[in-house]
Amino acid sequence: MNHLLVLIVAVVVIFALLRRELGSVAAVAALAALTLFAFVLRSPLLGVLFLLAGAVVAVAGLPGVRNNWLTPKLFAIFKKVAPKVSQTEQVALDAGTVGWDGELFSGRPNWDRLLEHQNKGLSEEEQAFVDHQCGVATGMCNAWDIAVERGDLPADLWNYLKKEKFFGMIIPKEYGGLGFSAKAQSAVLQKLAMNETLMVVVGVPNSLGPGELLLKYGTQEQKDHYLPRLADGTEIPCFGLTGPRAGSDATSIPDTGIVCKGMHNGEEVLGVRLNFEKRWITLAPIATVVGLAFRMFDPDKLLGETEDIGITCALVPRDTDGMEIGRRHCPIGSPFMNGPIIGKDVFIPMDYLIGGTAMAGQGWRMLVECLSVGRCITLPSGASGSARYMVGLAGGFTRIRRQFNFPVADMEGVQVPLARIASMSYIARATVAHTANMIDNGEKPAVPSAILKSQLTEYQRTILSDAMDVHGGKAVTLGPRNYLGIGFSATPVAITVEGANIMTRSLMIFGQGAIRSHPWVLKELEAKQADDIRAFDKAIFGHIGMAAGNVARSLSAGLGVPTGGRPFYGHADRYARAVNRFSAAFSLLADVAMGTLGGSLKLREMLSARLGDVLSNLYMTSMVLKQWHEGRKVPGEEALMRYSCEFLLHEAEEAIAGVLDNLPNRPVARAVRLIVLPLGKRWHMPADSLVSRIAKDISTDTALRSYLLEDTWQTQDGTQDNPLARYNALLKDNERAAAIYQTVGKAAAKGELPMTALHPEQRFDAAHEIGLLSNEDHDFMVAYEAEVLEMLTVDDFPFDEFARNKSKIVWHGVQEKPKAKAKTTKKAENKGTVEGDA
C-alpha cells in the first residue's frame with residue numbers, strides 16, 4: 001500500500017513540475033524530496049529510483065554541470081542536422097511580429113495576452129464613412145451591369161471613389177488621406193464586398209502597392225509628391241510583381257535593372273535600364289504610376305563593389321519611354337482592371353527607386369514586411385464581407401421560397417448549408433476584426449496573415465457554393481436580377497492571388513510558423529549562426545523543457561485534467577480548455593515532426609499542411625472566443641458561438657489525427673497518439689439542434705440576423721436595386737404571411753377552394769370570396785406574393801444576345817433571323833443602289 005501511495009504522489013509531483021516547466025533545479029529538489037518520502041514510507045526501491053533520477057537530472061540538466069559535457073555535444077550534432085536558412089528565408093522570418101500564434105506554439109497559451117487589447121470598434125468618423133460613403137458607393141453597383149454590360153465600374157462611381165478618397169484610406173491626413181485604422185479599412189472593404197469588382201478596386205491601392213511602400217520606405221520628396229495625389233485619385237497606382245515565370249515564388253522574378261548612365265529630361269544622369277514582363281497586375285490598364293519589382297545589377301560597379309544588388313522597387317510614371325501598358329486580362333467572374341505591363345530598355349533615374357539609392361536591393365524585405373499587414377486586410381475582409389451578405393441573401397431567399405407548401409428554410413437539408421454559412425461568416429468576422437485590432441495595437445502578424453488569407457478565402461468559396469445551392473435555379477441563371485452567380489464565379493481569384501492557397505497552406509503557415517512563431521527554434525538557429533554556445537544552451541534546454549511540459553499537459557488534458565488558466569465561463573470555458581489542450585498537442589507534434597524528419601519536413605507538404613490546419617483552427621477558435629467575451633451576446637448568438645467552436649475544434653482534432661496517421665516513424669507516431677489522443681477523438685460536428693436553430697434565426701427577422709448583417713448595405717436608396725433590403729422587408733412581414741399561407745393551404749386541402757386555383761394569387765382571391773380572408777389580409781397577401789414572385793424571377797434575353805460576333809450565330813432553322821438594316825455606301829449612293837447583309 002505504501003508503494004502505491006509513494007508512486008501516486010510521485011506521478012502527481014512530476015506531472016505538476018512538467019506542466020509548469022519549473023526547470024531542472026526544481027526537478028532535482030522534488031526528486032530529492034520524493035527520495036526522502038519513499039524511504040520514510042519504507043519504499044526503498046522507489047527511493048533508490050528517485051535518487052538515480054535526481055542524479056541524472058542534475059548531471060544533464062543543471063546549467064553548471066551540463067555546460068561542461070552535454071551542451072557541446074548537442075551543439076555539434078545540431079550544427080550538422082539543422083536546416084540552413086537562406087537569405088531570402090531569413091528576410092521573411094525577420095518580417096512581422098509574433099503574437100497569439102506564438103502563444104499557441106508554446107503549448108500553454110496566455111489568454112490575458114489575447115484579451116489585453118479590447119476591440120473598441122471604429123471612431124465616429126470611421127463609422128460615419130462606413131455608414132454613408134460606403135453605402136452610396138455600393139448602391140451604384142449592379143453585378144451584371146459591371147461584369148457584362150460595361151466591363152468596368154460606372155464613371156460616376158469612379159469619380160465618387162476619388163472624391164471621397166477611398167484610395168487614400170491608409171494615407172495619413174497630413175498627406176490628404178483618410179488615415180483610417182486597420183479595423184476601419186477592413187469594415188469599408190466588408191461593406192463594399194456586395195460587389196467583388198468594387199471591393200478589389202478599392203482594396204488593392206490600400207494594400208500591397210505604392211502607397212504603403214512609400215509610407216514606410218519612400219524619401220520625403222517622394223512622399224510629398226505622390227501621397228496627396230494617390231489619396232485623391234489624381235494618380236492611380238498599380239504594382240508589378242508577378243510575371244510569366246514568377247507567381248507565388250516572387251523571389252524568382254527574371255526582370256532586370258542594370259545600373260548605367262542615360263538621358264533624363266535632357267541631362268545625362270545615373271539610373272537603371274529596365275527590361276521586364278509583368279502579368280496579372282491589378283489596375284495596370286488605367287494606372288498612372290507603376291510600382292515595379294525587379295532584380296538590380298551593377299556590372300560596372302557604379303554604385304559600389306556589389307554587382308548583384310538584389311530585388312529593388314521603383315515607381316515608374318505611365319508615360320515613361322519603352323513601357324507598354326493598357327491591355328487587359330479578363331479575370332474570371334470579375335472584370336476589375338487587370339493586365340500586363342512590358343518594358344524594353346526603360347531608363348529611369350535613381351530617384352525613381354522607392355527610398356532612393358539607399359533602399360536599392362531591399363525590395364524583398366519591403367515586400368514581405370508590407371505583405372504581413374496587407375494580406376491580413378484586403379482578401380480576408382472581402383471574404384468576411386461576402387459572407388455577411390450571403391447570410392442575408394441565402395436566409396432571406398430560403399424563407400420566402402416555398403416548395404411542398406412550406407419554406408425551404410424549414411427543410412433540414414437546406415438548414416445544414418444555412419448554418420454553415422452563418423458559422424463561417426461569424427468566424428470570419430471575429431478573425432478579421434480581432435486581427436485588425438492587433439495591427440492597430442502595433443503588431444505585424446506574419447503567420448496569422450497567411451492563416452487569414454488562405455482559410456477565409458476558402459470559407460468564401462464554401463459559403464458562395466452553399467448560397468448557390470440553396471438558391472437553386474434563381475442563382476444559376478445569369479442576368480441583372482442574379483446577385484450571386486458572377487461573384488461565385490470570381491472566387492478562384494481570391495483563392496489564387498497574394499499567395500495561392502495551396503502553397504500558403506502547404507508551405508507557409510506551419511513552414512514559417514515552425515521557425516518564426518516557435519518559442520525556441522529561431523533562437524536555436526540564431527545561436528548556430530552566431531556560433532554562440534551559451535545562447536544555444538539556453539534555447540535547447542528551454543526547448544526540451546517545453547517539450548516535456550507539453551507531454552504532461554497533453555496527456556493530463558486528454559484524460560480530462562484541465563491545463564492553463566482561462567478567463568471564460570460556461571460553454572466558452574470548455575472550448576478554451578480544448579484550445580489549451582490542443583495547443584500543447586500541436587506544439588508536441590511540431591517538435592516530433594521536426595525532430596524525426598529534420599530538414600526533410602520542408603518537402604513533406606501534406607504533413608506541413610495538416611499541422612498548419614491545427615494552428616489555423618486553434619487561432620480562429622481563439623478569435624471567436626475573444627469576440628464572444630467582448631461582444632454584446634445578442635439572443636441566438638450563443639448557439640452560433642457553440643456551433644463555430646465545435647466545428648473548429650473538430651477540424652483541429654481531425655488534423656491532429658491526420659498528422660499521427662501519416663508520420664513516417666510509426667513507433668513514435670503510436671507513442672505520441674497515446675499522449676495526445678489517449679481516449680481517441682472526442683470532438684464531433686455540431687449537433688442537429690444547433691443547426692436548426694441557427695438556420696431559423698438567420699432566415700427570420702431576429703436579433704441574430706440583424707447582428708450578422710451589421711455594416712452591410714441594407715437600404716433601398718441607391719441607384720441600383722438592393723435585394724438584401726427587399727428580403728429584409730419581406731421577412732418583417734413573413735410571420736403574418738406565414739399564418740395566412742397556412743390558413744389558405746388548409747382550406748385548399750379541405751376542398752373549400754376551387755381545384756383550379758393553383759397559383760397563390762388565385763387562392764387568395766378565392767379565399768377572399770368565401771370570407772376566409774378579410775379585405776386587408778387579401779390585399780396584403782397579393783402585394784406580398786407579388787414581391788416574392790419578383791424576387792424569384794430570373795432574366796431572359798433575345799436569342800442572339802450573347803454572341804459577340806453575330807455572323808457566327810447558328811439559327812437552327814427555328815429562330816427568325818433579324819432582318820439586316822440596309823445601309824447605303826457612298827459608292828452605292830452614286831449608283832443609286834442599296835447594300836445589305838446577305
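Me: A crossing of two helices is left-handed if the near helix is turned anticlockwise from the far one by less than a right angle, and right-handed if clockwise. Is the crossing of H1 and H25 left-handed or right-handed?
Reply: This is a predicted model. In it, the axes of H1 (residues 2-20) and H25 (residues 533-558) come within 7 Å and cross at roughly 115°. The crossing of these two helices is left-handed.

Me: Which residues in H25 does H1 meet?
Reply: H1 brings Phe15, Leu18 and Arg19 to the contact. The residues of the contact divide into five nonpolar, two polar and two charged.

Me: How many helices and strands does the chain have?
Reply: The C-alpha trace spans about 120 × 90 × 55 Å along its principal axes. The chain has 838 residues. Its elements come to 36 helices and nine strands.

Me: What share of the contacts with a separation of 6 or more is between residues 24 or more positions apart?
Reply: Start with burial: 53% of the 838 residues count as buried. Now take the contacts with a separation of 6 or more. Residues 24 or more positions apart account for 74%.

Me: Are H6 and H23 roughly parallel or roughly perpendicular?
Reply: H6 covers residues 87-94 and H23 covers residues 501-516. Their axes are 10 Å apart, and the helices pack at an angle of about 75°. Angles of 65 to 115 degrees count as roughly perpendicular. Therefore H6 and H23 are roughly perpendicular.

Me: Which residues of H23 make the contact with H6?
Reply: H6 supplies Ala92, Leu93 and Asp94. By class, the contact has three nonpolar, one polar and two charged residues. From H23 come Gln512, Ile515 and Arg516.

Me: Which residue in S5 is the bridge partner of Leu292?
Reply: S4 spans residues 289-297. Nine bridges join S4 to S5, and the two strands run antiparallel. S5 (residues 308-317) is mostly covered, with nine of its ten residues buried. The partner of Leu292 in S5 is Ala314.

Me: Is Asn617 buried or exposed?
Reply: Asn617 sits in H27 (residues 605-630). The relative accessible area of Asn617 is 5%. Buried means under 20%. So Asn617 is buried.

Me: Which residues does Asn617 touch, not counting those up to four places away in sequence?
Reply: Asn617 belongs to H27. Leave out residues up to four places away in sequence. Asn617 then touches Leu648, Glu651 and Ala652.

Me: Is Asp345 buried or partly exposed?
Reply: Asp345 is part of S7 (residues 338-349). Its phi is near 50°, a positive value in a residue other than glycine. The relative accessible area of Asp345 is 47%. That value is between 20% and 50%, so Asp345 is partly exposed.

Me: Where does His812 lie?
Reply: Phi of His812 is near 65°. That is a positive value in a residue other than glycine. His812 lies in the loop between H35 (775-792) and H36 (826-831).

Me: Does His812 count as buried or exposed?
Reply: The relative accessibility of His812 is 58%. The cut-off for exposed is over 50%. Therefore His812 counts as exposed.

Definitions and conventions:
Residues numbered from 1 in each chain as written. Predicted model: local features only at pLDDT ≥ 70, side-chain atom pairs only at ≥ 80, totals over all residues. Heavy atoms only, no water. Axes fitted to C-alpha atoms, helices over the stretch in contact; angles between N-to-C directions. Helix = DSSP H or I, 4+ residues; strand = E, 2+ residues; numbered from the N terminus. Contact = heavy atoms within 4.5 Å. Nonpolar A, V, L, I, M, F, W, Y, C, P; charged D, E, K, R; others polar. Buried < 20%, exposed > 50% of the residue type's maximum accessible area, 1.4 Å probe, protein only. Pairing = 2+ DSSP bridges. Parallel < 35°, antiparallel > 145°, perpendicular 65-115°, else oblique.
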